[in-house]
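Please examine the sequence and structure shown here before reading on.

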Amino acid sequence: MVSEARFKKTEIGMLPYDWKVTNIKSVADKKQEHSFIDGDWIEAKYIENQGIRLIQTGNIGIGHFIDKESKKYISEKTFKELNCKEVKPGDILICRLASPIGRACIAPDLGTKAITAVDVVILKVDEKEYSREYINYYLNFGETLQRMESLSSGSTRQRISRTNLGNVLIAIPPLSEQRKIAAILSSVDEAIEKTEAIIEQTEKVKKGLMQQLLTKGIGHTKFKKTEIGEIPEEWEVKSISEVAKVVSGGTPSKQVYEYWENGTIPWATPTDITSNDNKYISTTQLMITESGLRNSSANLLPEGSVLMTSRATIGSRCINTVPMATNQGFKSFICDPDVLHNEYLYYLIDKIKDQFIALASGSTFLEISKSAVETFKIPVPPLEEQIEIAKMLSSLDEKLSVEKVKKESLQTIKKGLMQSLLTGRVRVKVDEDEVMSS
């Protein structure tokens with residue numbers, strides 16, 4: 001890539017002198033029928049389980065197609081009666097609804113005839129002048145999405161009209177440069193997709209391994225029937241209160257300044273747990289003081305406790321690496337180190353949380369009581385086996401963590417590249433033979 005370019009002032013900012021500005025509808029191939037048109041309004045009575053695929057707004061991701069499990073279809077008869085517009089592989093599909101408004105993707109080959117919903121615009125790009133892939137990237141560029149949002153309206157649900165969408169301005173480099181930019185961004189997308197595939201596969205392996213380890217253990221051949229199902233003969237069944245102390249939380253009065261100002265004790269809310277994509281937690285959004293701790297029902301949990309949300313979202317959990325208090329939306333566990341390994345319990349909670357949810361009650365939001373948690377029966381392997389089970393599952397968590405960091409890094413790289421390449425601040429070097437072929 002090269003960074004030298006002469007710029008000119010345009011309606012959408014400074015652009016390289018040899019770029020042009022046009023609107024979205026102008027990149028449509030006028031020689032094709034329905035080259036820039038809304039999809040079809042399909043009433044529920046026409047929906048069937050097979051036939052012609054109906055692409056919905058939820059299938060339109062930011063730059064990519066999302067092939068959800070729930071699929072809808074219409075019949076060939078309905079297609080003809082309603083004079084539907086067919087979506088062809090390679091068409092760009094632009095969603096006129098949030099979120100975000102204007103997100104777009106290239107229609108894949110779904111192996112069947114397809115149409116799309118009325119809030120999706122079908123754009124067939126004139127490929128003699130424009131790179132379909134470049135246009136797709138530019139439509140999903142942050143600055144473009146902001147322009148689309150500014151032209152949207154609606155009291156209940158924001159949407160952009162096809163007319164306003166068509167008038168949104170986009171920057172167009174020479175065709176050879178469009179292709180080069182798209183190729184660079186595609187290579188990053190491919191790396192992101194490979195990383196996502198590794199994450200998905202690892203999560204499947206982890207799920208299967210958890211099911212195996214938390215019910216059958218490691219290397220057992222003899223099993224026994226118990227009140228919680230079949231478990232290895234060497235395992236025991238115990239109520240949680242027999243192997244851990246269950247601790248509730250509390251909130252110091254927000255009206256008392258000295259309970260919060262310059263607080264030094266981490267104080268967790270459920271949001272701290274649900275937003276933490278990690279097994280461990282060491283920091284919280286809010287801190288309380290010693291005075292706040294003493295003058296409330298909050299309890300200081302020692303390092304290594306398992307913090308579990310017990311209200312609204314039930315069963316999200318983390319292990320604290322520093323002493324920490326929580327609000328009342330928790331039932332936390334201080335494990336007996338001679339009987340229950342905290343990391344084993346951490347993984348077990350993920351398996352049994354649906355049972356916790358089933359025991360919850362409440363009119364405003366579901367909450368599981370302390371007594372229900374304390375009396376809940378769990379399988380308890382020998383401590384050494386618990387530690388080994390946790391190690392095996394932790395190794396997969398570590399792999400997931402590495403891949404997720406890699407994915408975030410690639411997404412940051414892509415964002416930076418889009419900002420540089422789609423504004424012309426960094427120009428790509430195009431070989432002469434590429435210019436000739438374009």
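Helices (H or I, at least four residues) and strands (E, at least two) are DSSP runs, numbered from the N terminus. The model is predicted, so local features need pLDDT of at least 70 and side-chain atom pairs pLDDT 80 or more, while totals for chains, interfaces and linings use all residues. Residues are numbered from 1 along each chain, and side-chain values use heavy atoms, without hydrogens and water.

A pocket is an open set of points on a 1 Å grid with protein on both sides within 12 Å along at least five of seven lines, and lining residues have an atom within 4 Å of a point.

| Pocket | Volume |
|---|---|
| Largest pocket | about 840 Å³ |
| Second largest pocket | about 710 Å³ |

Among the 25 residues lining the largest pocket, Ile 62, Gly 63, His 64, Asp 189 and Lys 414 are the closest to its centre. Helix 5 gives the largest share of this lining, six residues. In the second largest pocket, 26 residues form the lining, and Asp 277, Asn 278, Tyr 346, Asp 397 and Lys 404 lie nearest the centre. Here the largest share, eight residues, comes from helix 11.

Helix 5 (residues 175-216) and helix 9 (residues 342-359) have axes, lines fitted to C-alpha atoms over the stretch in contact, that come within 10 Å and cross at roughly 105 degrees. The two helices are therefore roughly perpendicular (65 to 115 degrees). Their contact (heavy atoms within 4.5 Å) includes Lys 206 and Met 210 of helix 5, and Tyr 344 and Tyr 347 of helix 9.

Methods. Axes fitted to C-alpha atoms, helices over the stretch in contact; angles between N-to-C directions. Parallel < 35°, antiparallel > 145°, perpendicular 65-115°, else oblique. 1 Å grid on protein atoms, 1.4 Å probe; cavity = no way out; pocket = protein on both sides within 12 Å on 5 of 7 lines; lining within 4 Å. Points joined across faces, edges and corners; volume = space filled by probe spheres on them.
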